Amino acid sequence: MKLSELLVYNDIVIQCHDNPDADALASGYALWWYLRKNGKEPIFIYRGRNRIQKSNLLLMLSFLEIPVSYEPDFDRKPELLVAVDCQYGQRNVTMTDADNVAIIDHHQCTVELPQLAEIRSNIGSCATILWDMIRDEGLDPGEDKLLSTALYYGLYTDTNKFSEVAHPLDRDMIDTLIVNKSMITEMSNSNISLEELKITGKAILHYYYDKDNKYLILHAEKCDPNILGVISDFSMETSEVNVCLAYYLSPEEIKFSVRSCVKEVHANEVAAFIADGLGGGGGHLYKAGGTIRPELLSSHGISIDDFERESQFLHDKMDEYYSLYEIIYAKETVLDTSQMKLYNKKEQRLGFVKLSDIFPLGSLVEIRTLEGDINIRLEEDKFLMIGIDGEVYPITKEKLERSYQITGNKLDRTFEYEPTVKNVLTGEKKGVLGAANEVISTGRVRIYAKPLNRYVKLFTAWDDEKYYSGTPGDYIAVREDDEHDIYIISKKLFDLLYEEV
């Protein structure tokens, strides 16, 4: 859906979910701003039993001049109702009758969608989606500092102070917006009340500890999701605690926060594992979180009403996660290739970029991809390979020339998200596709490979701080000429890339 499709309507009401949070307010504000820029006169409302009372949200409304009104008894039938940060028909939004309905949201889809819908459940906030949609219409939300600050704060709060940001589009918005930092600071420092301080203390006092895997589970009363982060962060200061899971439940959702302080457990992976099929989860290597939707719990025979009695569900998920994985350190491992088949790389037209063509030698750069950010310092022999799915990985000049034939052509490909490189010192960011050239795999370097029959965490020889996850059906591979160059190849890509010798 494009925002311009909404412009055929004149009588437009924007509605966010009941008990709106900062992301809902920022999203509705952004849509209101866009429609006003295009000559419309929309109104922005929220409904439900409760008026906004949290001090940080009251400051947000005042500081950023957000034109939202509390309309518990709204009875007018608009030509178009746009639900933002929620889905029309969900339990967390009071139904408003309308001739037409549109939805813009970043949560898992749980209702039948109207024709006008934009759902991106892998994005950290609805604010990010509105920012991106407005830019697609040729407008710059950054020209309005109040709007920029609202969008920034929406993502900031919905991802627990950016600790749960996973998608590069969220990181792009953070980098791009020019915000009033003093307002962000004041709103953030008004985020916890005395009552929430009491919630934090009660949750910490009543914990479950698994001494074998050294993880904590803490159950909190319903609170602002940021409080879960406060609980988790404080608990991680405890000796012999490597991972912490804090959660609350409500009729609308089960919200949880995950923290890790060991490289063998990525918090974002734990969050995604817990929420798989039940909602959404993600974030950073050491800080993450997610949401479980009550509507989806029924597949496990659990309702929100008996989740408290069935909280063993979370204990079981954590134990299952720990039992799934074999950990491999490539620098210390030699695979038994007698149980593996030998493969050549098929002829594929891939891309490469000489990183010093983008930024000067010696620069510390951040490479942004769908899989996360990679930080490296540019040296003469540092290149970046671009795979058939847009995946990128560093490669040395020697391995590039040994494994690929340079065609002399520019790479002509498009991907879901174009990898970018940012100079960490200056903040300047550049896309890599404009500098990418084409290569063809030569087949001169062969690999041994076999399908995985269990989950694996692989620390590669060139990065022993961050592991790569393999799932059953993916392939574990090692170069024939380097017994420690071990890596994971996705099952969806393997047959496209390799053929048996």
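**A sheet and the helix upon it**

In strand β26, Gly470 is the bridge partner of Val456. The model is predicted, so to speak of local features requires pLDDT of at least 70, and side-chain atom pairs count only at pLDDT 80 or more, while totals for chains, interfaces and linings use all residues. Residues are numbered from 1 along each chain as its sequence is written, and side-chain values rest on heavy atoms, with hydrogens and water left out.

Strand β25 (residues 455-460) runs antiparallel to β26, and four bridges join the two. Strands (E, at least two residues) and helices (H or I, at least four) are DSSP runs numbered from the N terminus, and two strands pair if DSSP finds at least two bridges between them. Strands of a sheet pair through backbone hydrogen bonds, either parallel or antiparallel.

The open sheet has three strands, in the order β13-β25-β26, with mixed pairing. β13 (325-329) and β26 (463-470) each have a single partner strand and stand at the edges, so one side of each lacks a neighbour in the sheet. From one strand to the next, the twist averages 20°. Helix α11 packs on this sheet, touching β13, β25 and β26, and its direction makes about 40° with that of β13. Contact means heavy atoms within 4.5 Å; angles run from 0 to 180 degrees between N-to-C directions, and axes are lines fitted to C-alpha atoms, for helices over the stretch in contact.

α11 (residues 312-324) also meets helix α9 (residues 267-275): their axes come within 10 Å and cross at roughly 125°. That makes α9 oblique to α11, since angles under 35 degrees count as roughly parallel, over 145 as roughly antiparallel, 65 to 115 as roughly perpendicular and the rest as oblique. The crossing is right-handed, meaning that the near helix is turned clockwise from the far one by less than a right angle, with anticlockwise giving a left-handed crossing. From α9, Glu269, Val270, Phe273 and Ile274 meet Leu314, Lys317, Met318, Glu320, Tyr321 and Leu324 of α11. Seven of the residues in this contact are nonpolar, none polar and three charged; here Ala, Val, Leu, Ile, Met, Phe, Trp, Tyr, Cys and Pro count as nonpolar, Asp, Glu, Lys and Arg as charged, and the others, Gly among them, as polar.

Elsewhere in the chain, six strands form an open sheet in the order β3-β2-β1-β4-β5-β6, with parallel pairing. Its neighbouring strands are turned by 25° against each other on average, direction ignored. Strand β5 (residues 100-105) and β6 share four bridges in the parallel sense, and Ile104 has Glu118 in β6 as its bridge partner. Helix α3 (residues 126-136) lies across β4, β5 and β6, at about 110° to β5. Helix α1 lies across β1 (12-16), β2 (43-46), β3, β4 (80-84) and β5, running at about 165° to β1.

α1 (residues 22-37) packs with helix α4 (residues 145-158) at about 150°, their axes 8 Å apart. That makes the two roughly antiparallel, and α1 passes α4 in a left-handed crossing. This contact comprises 10 nonpolar, two polar and two charged residues.
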